[in-house]
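I opened a new notebook page for this structure.

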Amino acid sequence: MTHAQSPPVSTTQPARNIVIVGGGIIGCTTAYYLASHPKFDGTSTTITLVEASKNGVAQGASGKAGGLVAKWAYPKELVDVSFQEHVRLAKAHDGTARWGWRFVNCGSWEGRGEPAGGESGSGVGAGGRRKSLEKTLGLDPYSQEVIRKRAETGLPGDLNWVDPALTEAYSPMAPAGATAQVHPYLFTTSMLELAQARGVTIVQGKVTKVDVDGSTRRVRGVTYTTDADTPSMPTHTVAATHVILAAGAWSPKLVPTLPIVGTRAHSITIKPRPGTHIAPYVLFTEIALPSVGGGRVSPEIYARPTDEVYCCGPGDDSVVPETVDEVEVDAQACESIREHVASISPELRSGEVDRRQACFLPVVSSGGGPIVGEAKDIAEGLLIATGHTCWGICNAPGTAKAIAELVFEGKIHCANLNKLKPSRFL
């Protein structure tokens, strides 16, 4: 008795044309994870990233954020994947040298500020220092009075860039090894470079529409415009079997039912005077500053490996502009941040402001989020990855890993992200 042989199992991957809308941290990291997936086959799969900015990727929050990576961030199910992926990526690609990966101390600082008074806005903050502070800069930081003050307030002995005399309380926010950082612009651009080395293509253009087949309700591509368009060719299209919407605060311009709003946040970076070492701390502050209306301010301060210091203030509800290139920077908001952080740190007060910037964070207006998954109610093959608020840098690897699994395996395996599914928000 003979048996017919079973036909050979095909190992050929189905044709996939994947389009990612948005060249921020989510889009670029997703491009990397897609191109790194075991089932990615460059002969049957194309990955195209479309970015609206004329200046390249990471022009929004992804290039202007603090870069905090924390085990205590939220949502936990996404953080648990993302944090370990950050560690893995840093080891695999020398993240320490390439994008400033390192573990940092993170604490809550409370105290009073010393306002600059009449020097505010005079240019002193751009490189000079108040004359009355010269003695402070010259004092032995480990005098007996300083040691006593540090012990009373809990201020760490190696936190060398906050005035102990102004400190009322310090408490660590997380144990050692629970908080790390990256330089967001360098991390985002590195993810794209690594993705491009695996075959990902980037296109500069503003996506105006996700094209959906009316009969099958499946995505079939995107339409976009460029500055070089002519009357004879006003738009362009890219065919797609999958469209990944990772446009941050701009995502509702393509899917209006998405409950995403933009929160504008201002920040500055400060270069300390040459020879000044800034200990690796991230501080969430509460500063009593009577010269400010309300009396208290709460800037966040992030020391970076190059001794550059990133400082950000509160957000506002300004209208999201048409593209990231049109985001307006309020000079006074940036100056206020400088005044606030300078009021507690001689090192920051005498430093030079290098960048004054603003960006829009994508926030889920209905609460919760981010939104991660396939939006089948709108169209099959439309995947959403947005609404990460201030934790986009932190949660990008977990989001990207989940999206790559959806595309190539049809299901998210790395975590249970059911409460982040688009169907819960749309």
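Two strands count as paired if DSSP finds at least two bridges between them. I started with E12 and strand E20 (residues 382-386), which pair in the parallel sense over 3 bridges. I noted that this is a predicted model.

**Entry 1: confidence**

I looked up the pLDDT first. The protein chain has a mean pLDDT of 89. I also wrote down that 87% of its residues reach 70 or more. Residues 1-10 have a pLDDT below 50. I then checked residues 118-144, where pLDDT stays under 50. For these residues the model has 41 contacts beyond four places in sequence.

**Entry 2: the sheet around E12**

In what order do the strands of the 6-stranded open sheet run? I read the order as E8-E2-E1-E12-E20-E19, with mixed pairing. Strand E8 (201-204) and strand E19 (371-374) are the edge strands, each pairing on one side only. Neighbouring strands of this sheet are turned by 20° against each other on average, direction ignored.

Next I went through the pairs. Strand E1 (residues 16-21) runs parallel to E12, joined to it by 4 bridges. Across that pairing, Val 19 stands opposite Val 243. On the E20 side, Ile 244 has Leu 383 as its bridge partner. Strand E2 (residues 45-51) and E8 run parallel too, with 4 bridges between them. There I found Leu 49 opposite Ile 202.

I then asked which residues of strand E12 (residues 242-245) lie on each side. In a regular strand the side chains alternate between the two faces of the sheet. His 242 and Ile 244 are on one side of E12, with Val 243 and Leu 245 on the other. All four are buried, and both faces of the strand are covered.

**Entry 3: helices on that sheet**

Helix H1 (residues 25-36) lies across E1, E2, E12 and E20. Its direction is at about 170° to E2. H10 packs on the sheet as well, touching E1, E2, E12, E19 and E20. The direction of H10 makes about 175° with that of E20.

**Entry 4: a sheet of 3 strands**

I moved on to an open sheet of 3 strands, in the order E3-E7-E4, with antiparallel pairing. Strand E3 (68-70) and strand E4 (102-103) each have a single partner strand, so one side of each is left without a neighbour in the sheet. E3 is joined to strand E7 (residues 179-181) by 3 bridges. In this pairing Ala 70 stands opposite Thr 179. Helix H3 (residues 76-93) lies across E3 and E4, at about 115° to E3.

**Entry 5: salt bridges**

Side chains of opposite charge can pair when their charged atoms come close. How many salt bridges are there? I noted 12.

I looked at Glu 77 and Lys 419, whose closest N and O atoms are 3.6 Å apart. This pair links distant parts of the chain, 342 residues apart. Glu 77 is in helix H3, and Lys 419 is in the segment after helix H10 (392-409). Lys 419 has 45% relative accessibility, which counts as partly exposed.

Glu 308 and Arg 304 also form a salt bridge, at 2.9 Å from N to O. Are these two buried or exposed? Both are buried.

I then checked Arg 338 and Glu 335, where the closest N and O atoms are 2.9 Å apart. Both lie in helix H8 (residues 331-342), about one turn of the helix apart.

**Entry 6: aromatic rings**

My search of the whole structure gave 11 aromatic pairs. The ring planes of Tyr 170 and Tyr 281 are at 75°, so the pair is edge-to-face. Their ring centres are 6.5 Å apart. Tyr 170 lies in strand E6 (residues 167-172) and Tyr 281 in strand E14 (residues 281-288), so the pair ties together parts 111 residues apart in sequence. Both are buried.

Tyr 302 and Tyr 310 form an edge-to-face pair, 5.4 Å centre to centre with 80° between the planes. Tyr 302 is buried at 6% relative accessible area. Tyr 310 is buried too, at 5% relative accessibility. Last, I noted a cluster linked by ring pairs: Trp 72, Tyr 74, Phe 284, Tyr 302, Tyr 310 and Trp 391.

Terms used: Residues are numbered from 1 along each chain as its sequence is written. Side-chain values use heavy atoms; hydrogens and water are left out. Helices (H or I, at least four residues) and strands (E, at least two) are DSSP runs, numbered from the N terminus. Contact means heavy atoms within 4.5 Å. Axes are lines fitted to C-alpha atoms, for helices over the stretch in contact, and angles run from 0 to 180 degrees between N-to-C directions. A salt bridge is a side-chain nitrogen of Lys or Arg within 4 Å of a carboxyl oxygen of Asp or Glu. Buried means under 20% relative accessible area, exposed over 50%, partly exposed in between (1.4 Å probe, protein chains only). pLDDT is the predictor's confidence in each residue, from 0 to 100. Rings of Phe, Tyr and Trp (its six-membered ring) pair if their centres lie within 6.5 Å; planes under 30 degrees apart count as stacked, over 60 as edge-to-face and the rest as tilted.
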